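Here is a short report on one protein model. Please look at the sequence and the structure before reading on.

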Amino acid sequence: MITQESKNELTGEAIVRSVAFCSETAAIVLLSGGQDSTTCLFWALRKFEHVEAVCFNYGQKHSAEIEAARTIAQGANVPFRLLDAGLIAELSVNALTSPAVAMDKEQAGNTPPNTFVPGRNLLFLTLAAIVAREKRIFHLVTGVSQADYSGYPDCRDTFIRSLNVTLNLAMDEQFVIHTPLMQRNKKEVWQLADELGVFDLVQKETITCYNGIRGNGCGECPACKLRRKGMEEYETELFN
Ligand SMILES: [Zn+2]
């Protein structure tokens with residue numbers, strides 16, 4: 001049977017690739033340009049010999065996020081690929097992709113916030129897995145967390161585990177989805193960035209703000225509030 005690997009060998013591609021990395025030591029990070037995925041990028045750089053980043057253009061209101069991701073990847077000397085997932089913006093109405101929808105100031109009840117983009121992580125991880133498989137890379141890294149559960153069902157550990165099984169069945173491969181932040185709250189994400197030596201970079205270069213403002217952001221949106229609260233808690237712990 002000719003496997004994908006042997007097929008690649010026939011074309012000589014695999015030889016070039018194997019010099020650079022083998023699949024066990026390579027990973028693809030889903031990089032959005034925010035605090036969490038950026039911290040994951042540097043976590044992956046410690047854990048894997050070869051790291052690449054994929055970023056998605058999904059019609060988000062603030063394309064500055066994409067430029068932040070690109071700049072961060074370039075600074076880390078990590079290959080960066082921007083994938084067009086613009087269809088997502090056409091499929092649902094939400095505050096991240098629909099210009100007419102203002103963001104909820106506070107989360108409403110038990111429903112996901114209106115910044116929830118249905119299917120986003122499902123599609124992003126699926127697309128990233130396809131890209132990874134073509135490169136014979138099977139480690140995927142994503143910055144989702146359920147610790148500060150904000151009502152996003154696709155940030156939960158049970159969803160990620162389920163999708164991991166599904167991807168393996170869908171492509172008959174053994175992907176491993178890494179979620180280094182899954183059980184970390186925002187304070188612990190800052191702590192991890194500090195341990196990785198990128199606290200300042202994460203603070204200054206990333207965009208977490210729903211209003212698309214780099215660094216400490218607008219200070220008013222739920223993402224800014226969560227980020228700042230975590231930073232204050234970390235700094236309090238550090239200096240006391
Ligand atoms: Zn903000």
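## Confidence

Where pLDDT is low, the predicted coordinates should not be read in detail. The protein averages a pLDDT of 87, and 88% of the residues score at least 70.

This is a predicted model: local features need pLDDT of at least 70, side-chain atom pairs count only at pLDDT 80 or more, and totals for chains, interfaces and linings use all residues. Residues are numbered from 1 along each chain as its sequence is written.

## Strand 1

Strands are DSSP runs of E, at least two residues long, and helices are runs of H or I, at least four; both are numbered from the N terminus. Strand 1 covers residues 26–30; 5 of its 5 residues are buried, so the rest of the structure largely encloses it. Buried means that 20 or more other C-beta atoms lie within 10 Å of the residue's own, with C-beta atoms placed from the backbone. Ala26, Ile28 and Leu30 lie on one side, Ala27 and Val29 on the other.

## Its partners

Strands pair if DSSP finds at least two bridges between them. Strand 1 runs parallel to strand 2 (residues 50–57), joined by 5 bridges. The chain gets there through helix 3 (residues 35–47), in a right-handed β-α-β crossover. Right-handed means a clockwise path from the first strand over the helix to the second, with the strands pointing away from the viewer.

Strand 1 also pairs with strand 4 (residues 139–141), parallel, over 3 bridges. Valine 29 stands opposite alanine 53 in strand 2, and its bridge partner in strand 4 is valine 141.

Conventions
A residue is buried if 20 or more other C-beta atoms lie within 10 Å of its own, exposed if 12 or fewer, and partly exposed in between; C-beta atoms are placed from the backbone. pLDDT is the predictor's confidence in each residue, from 0 to 100.
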